[in-house]
Amino acid sequence: MGTAELIWNGVAALLVLCIYSFLYKDNPFYKFAEHLVVGVSAGYFAMILYYNAFLPKLINPLRAGQYWYIIPGILGLLMWARFSKKWQWLSRPTLGFVIGSGAGLAIPLYLQNYVIRQLSATMLPVGFTSWPLITNVMIIIMVFCALTYFYFSKQHTGAFGVAAKFGIWTLMVGFGAGFGMTVMGRVALLAERVIFLRDYMVQLWGALF
Amino acid sequence: MRRTLPIAVVAGVGFFMLIQYFIPLEEFETLYEWALDWTMVIGCFAMALGLYSLTNMMVTKVRRKAEGWGYSLVALVGLFVMVFVGLVPHYQDSLKYGTLFMDIFEYIYIPIQAAMFSLLAFYIASAAYRAFRARTVLATILLVSAIIIMLRLIPLGPLSAINQWMVNFILTVPNMAAKRAFWLGVGLGATATALKIMLGIERGYMGRD
Amino acid sequence: MKFFPSHTNLKSNLFVKALFLSLCFLLIDSSLSFAQEDLSESWFNPNRVNMLIFLTFFFAVIIYFIQRAKKGKSLFIRRIAGLDAIEEAVGRATEMGRPVLFVPGIEDVNQIQTIAAMIILGNVAKMVAAYDIPLFVPICRPFVVPVAEERVKEGYAAAGRPDAYNRDNVRYISDEQFAYAAGVQGIMLRDRPMANLMFGSFFAESLMLAETGFLTGAIQVAGTANIHQLPFFVVACDYTIIGEELFATSAYLSKEPKLLGSLKGSDLAKAIIIGLLALGAILETLGITQFTRWFFIE
Amino acid sequence: MTFYERMMNLDRRWVYLVIGVVVVVTAIWSFAVPLYVTPEARSVYDFVDGLVPGEVLMIGVDYAPEVMAELHPMSYAITRQCFAKDVKLLLCCLHQNGPGMVEQVVAQVAEEYGKVNGVDYVYLGYKPYPGITILAMGQNFRIPFPEDYYGTPLDSLPMMRNMTNFDNVKAIINISGGSGTEYWINYANGRYNAKLAIGVTGVMTADYYPFLQSGQIFGLIGGMKGAAEYEYLAEKGGYITREKDQLWASKSMPIQTTTHIVIILFIVIGNVGYFMSKRKK
């Protein structure tokens, strides 16, 4: 373990503690660390964008004589007209290009992956003779009821209301599962940070004594 | 002109992207590749837009000495240090592991971001304690489902096998059904929105005159 | 039934016709191209006929409903129970003379959830305006500020109290997710709003907000279509508007044709999905798998 | 205030304190936790294990530092497994703050196994608009990435010589902490039929079961437990060892166990207090 790494890790540990001070209440140490990360992340992203996107996709092709890249380049520059009240409209055709292509690309694929594939995957053989068939029955009933809850053209009364009610119960089981999983996710982040601090303490102890 | 041109662009590009999904002609493939390429070049500028407005906001705050301008200064310093150490070593070398640029990423950016999100572990614990009460039927269903999921991380001896079975059942039957209904809704909604954008019915993205 | 009413505006009508005709053409053409082996020379990918049929149908339904709503025909949408919850929360706040807090999520103004939130905000402003209690609207994205200001102003004017509108209560906090959450938490703890209404697109901060609101004893109503955050709202709020209900609420309140149209279109599609589902399951059980396989798209 | 009312109204700082203490104590005195491997994580492992030397696996890494605790262990374990098996790797990053994370993983693991950039692995780097980038890669990797992360043209990299698009990779594993997964499912699997598996955070795990059941993804590694399951399998397969400190997620699992116990206890305390004080009234 070199001295440089020890110092760097010390800085990191200190910053982590600054953030944790927020648990008591909002304070200048927390604010300092928070704003520092805003700046650093912006700077980091600026460099990634420059080296990984601007250079290979615009500047290098232009240097290599692929002059047609000037067209998307100009379209991109027009995006910046958004900041001027007078010329704002100039940014709209470019925006239209991006949004239009996004919309056109998304339509068939959203319908395919979120609707048709999901629909065909729910067309399952049903029955009461084996456990998999029984689960299929449950899946179909639950999907049906949950869809009923999100059906807005009919009042939730009578049998329809019962289905919608069962639908919301199904949704709640799903949300419960989401909550349980999230607890694990959040604790994971904390555990990792605490292990980092612990390891740093061990390092520091080893270096000092 | 200011409103019709962008709508025409949206419709034209969008419609092309939509039909090329159905048409395997080589000419269409080429055009499709071009459009993707162009969009990416425009994307470089669009991403830079966000960076600019962030920097602009921080600079204004510092200049006007608005409340908390000191923190904005911290952020600005972070940004410029990052850009400086990113640009000074020749070409893309600064993005390689072990440079000062990557050290700042590893020892300042990563720890702060990770620590900020790990605060959520405390929040979720306290939320679980305060709000998870079996007050209504719905709350009880959610509670039970979440606790079963959470128990999977706790060794319970022979009971663990039963718990595993229940976890698997919850995730693959009710949870799956609930989320499927949700994704179906997302798919239909997103397709409808994309269609409205292409036809010029939805124009919110253009901003205001 | 006339599919495309003649007196709609020319522009969209033209697009619709062009779209429809091209799709019909493609459909006819597709039957001719089945014989071809090499797809790169054919005009249509025959494996995707199923998608074309779905798409044409879904488009037609949505456009039909939008046109109908434009003509002023009433399209029924059930009242969302969440609306009563909002009214109740605002009512309690006015009774107690304590402020109302409206949090419109952390995404930008072009996001559909934020748009829905803005429509709800206008109605909340209308409810609040009659009583002299403040309505706080903390905002995360600069571009949302003018829209929110306008909606609140309109709401106050509609209730006949344009003078009661206070510009300072609609304020930009920060673009940074956690800084914004901290700012909103500050308002909750300092000004002690009695009703916390959270609508829009929320992420990890949802829990921080709902938890703090719970702590201050406010009545909380929340709504988001971000499924990963719904568990927290359900747990910590008195009432939660789930997923698409958010869009239904905004359509119900605004009666805007484009919102109503797509909601009714999706509803019809859902009814058909349920029907297909039942049919598919029956056929699968009988051992007929061609039907299910027909839905598979390459 | 009665005893039961106090039970349901503890100040939240007490909850924070107990959680903090439990995490720190478990971090210092650790113990072993038994692990049940889920079929959805096993299927990813088995797939990677079935690859033969020379085949190419693609990993799409779309996460920023905030969720690295859950996802970094997955990236490390899969990368180590591939390099140990001489499987070639193609990596890209579609999250704006993520490129450094990939560089960290790949530079470190490549050094461990003596793998050479451009021959044994290629790191494509970052491009804006994830959906468009994935679609473009489905046509040809050179459209979005004419150069790799380090600025070398793709055509001059030996590994990329016979690679055009997703057809040349055996499968894609997307490790993501956000909406990236949706793009991979919709565009890579939906449009180009690429074989896809995902590794996601705990928050997202439950939401992606519909895609598993429908076969749009062939495997799912869910959060830290999923990562620990993968590490467990990889350790048994001899790809990673405890001695070299290569099991990260497994290290945190005891903390998961104790905190989960504490949180469940808190829920029980709150509910007992709630019911008892209600009965008294």
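Let's start with Cys82(D), which is buried, its relative accessible area being 0%. This is a predicted model, and it holds 0 disulfides over all chains.

A disulfide would need the two sulfurs within 2.5 Å. Cys93(D) is buried too, at a relative accessible area of 0%.

## Where chain B meets chain A

Now over to chains B and A. Here 110 residues of chain B are in contact with 108 residues of chain A. Between them the two chains bury about 10,300 Å², and 83% of that lies on carbon and sulfur atoms. On the chain B side, the residues that lose the most area to chain A are Phe45(B), Tyr71(B) and Tyr107(B), together 7% of what that side buries.

## Polar links and the helices behind them

How many salt bridges are there between chain B and chain A? The count is 1, and in it the side chain of Asp37(B) meets that of Lys57(A), at 2.7 Å from N to O. There are also 10 residue pairs in polar contact across this interface.

The largest share, 23 residues, comes from α4(B). By type, that side of chain B divides into 84 nonpolar, 17 polar and 9 charged residues.

Terms used
Residues numbered from 1 in each chain as written. Chains lettered and ligands numbered in written order. Predicted model: local features only at pLDDT ≥ 70, side-chain atom pairs only at ≥ 80, totals over all residues. Heavy atoms only, no water. Contact = heavy atoms within 4.5 Å. Buried area = accessible area lost by both parts, 1.4 Å probe. Salt bridge = Lys/Arg side-chain N within 4 Å of Asp/Glu carboxyl O. Polar contact = N/O pair within 3.5 Å; in protein donor to acceptor, adjacent residues only side chain to side chain. Helix = DSSP H or I, 4+ residues; strand = E, 2+ residues; numbered from the N terminus. Nonpolar A, V, L, I, M, F, W, Y, C, P; charged D, E, K, R; others polar. Buried < 20%, exposed > 50% of the residue type's maximum accessible area, 1.4 Å probe, protein only.
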